[in-house]
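Morning, everyone. Please have a look at the model first.

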Amino acid sequence: MTRAVQRRGRSRVKWTRVALYAAVIAITAIMVLPFFWMLSASLKLDREVFAFPIQWIPESPRWQNYVDIWKMIPLATFVFNTAKITVIVTILQLLTSSFAAYAFAKLRFPYKNVLFLGYIATIAVPWHVYMVPQFIMMRGFGLNNTHLALIFLQTFTAFGVFLMRQFYMSIPDELCEAARIDGMNEYQIWYRIMLPLSKPALSTLTIFTFVATWNDFLGPMIYLTETRLKTIQIGLRMFISQYSSEYGLIMAASVVALIPVLVVFLSLQRFFVEGIASTGLKG
């Protein structure tokens, strides 16, 4: 009797696991399908893109699409501008967020919690609310139509401070106390102890910042007017407006724009889940 019950229990667990795996595979397929269609369309002629039924693997892949997109618009300039802004913003956000988070997590000063709550509360304010005042401020500084405007506006982020602060809260205070006894100042503690221990959180923040900055459309649209300064997202919009019927070329340009994001995510994905999980351990 006991063995029969155990067998039934194992059978139920087995079928539950099979159903779970099937659901995960189905959801993954649904999410990946649009990207696979985009890749397939990037290797087709315009008349083949919307042919029905869909031919997922082209009989004669047109690799020339990936050559033509660099000639029809200054795509190399757009990619360089986007990479420049994204790398600088990501590095600055990692520095400012981790440094401010260390102060909020490990130092004692008057009104620390009030300042932290006030800073974090800005996350709830949509960017569209203060978009116009920011533009007026940047124009007053003479930074309109420059990359510096986009860099300065994205150097500090309340989300990054919150993410790093939650991770730092999980690090024992005894490490900082021991370092102070050994003669380290706060800058040395932050650089030699906190940063090496916070690789998962830094990797998570890197992914979020890189993806958000690389895919930013509205910011460059507002601040950049000259073609030589525009980013890849604006370049794609320009491509669509000039060659609205060349869907194969548009999809090829979209694939090129997606590659850096995939490279960064795949490179840091092993830290991603760990960083997200560890930020909620304490605080």
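This is a predicted model: local features need pLDDT of at least 70, side-chain atom pairs count only at pLDDT 80 or more; totals for chains, interfaces and linings use all residues.

The lining of the largest cavity divides into four nonpolar residues, five polar and one charged. How many cavities of 30 Å³ or more does the structure hold? One. The volume of the largest cavity is about 50 Å³.

Who lines it? Thr82, Ile85, Thr86, Leu150 and Gln154 are among the lining residues of the largest cavity. Thr213, Trp214, Asp216, Pro220 and Thr231 also line the largest cavity. Which helix gives the largest share of that lining? H4 does, with three residues. Helix H4 runs 75-106, and helix H11 runs 199-214; each supplies at least two residues of the lining.

Now stay with H11. H11 has 16 residues. From first C-alpha to last, H11 reaches 22 Å, close to the 22 Å expected at 1.5 Å a residue. Is H11 largely enclosed or open? Twelve of its 16 residues are buried, so H11 is largely enclosed by the rest of the structure. Buried here means under 20% relative accessible area. Among the buried residues of H11 are Pro200, Leu205, Ile207 and Phe210. Thr213 and Trp214 are on the buried list too, and both line the largest cavity.

The largest pocket has a volume of about 830 Å³. Of the 24 residues that line the largest pocket, Tyr130, Leu153, Gln154, Phe156 and Thr157 are the closest to its centre. Which one gives the largest share? H11 again, with five residues. The lining of the largest pocket divides into 15 nonpolar residues, eight polar and one charged.

Last stop: the second largest pocket. About 350 Å³ of space lies there. Helix H1 (2-41) and helix H14 (247-278) each supply at least two residues of the lining of this second largest pocket. H14 gives the largest share, seven residues. What is the make-up of the lining of the second largest pocket? Ten nonpolar residues, no polar and no charged. Phe35, Met38 and Leu39 are in that lining, along with Val255, Leu258, Ile259, Val261, Leu262, Phe265 and Leu266.

Note on methods. Residues are numbered from 1 along each chain as its sequence is written. Side-chain values use heavy atoms; hydrogens and water are left out. On a 1 Å grid over the protein atoms alone, a cavity is a set of points where a 1.4 Å probe fits but cannot get out, and a pocket is an open set with protein on both sides within 12 Å along at least five of seven lines; lining residues have an atom within 4 Å of a point. Grid points are joined across faces, edges and corners, and a volume is the space filled by probe spheres set on the points. Helices (H or I, at least four residues) and strands (E, at least two) are DSSP runs, numbered from the N terminus. Ala, Val, Leu, Ile, Met, Phe, Trp, Tyr, Cys and Pro count as nonpolar, Asp, Glu, Lys and Arg as charged, and the others, Gly among them, as polar. The expected span of a helix is 1.5 Å times one less than its number of residues. Buried means under 20% relative accessible area, exposed over 50%, partly exposed in between (1.4 Å probe, protein chains only).
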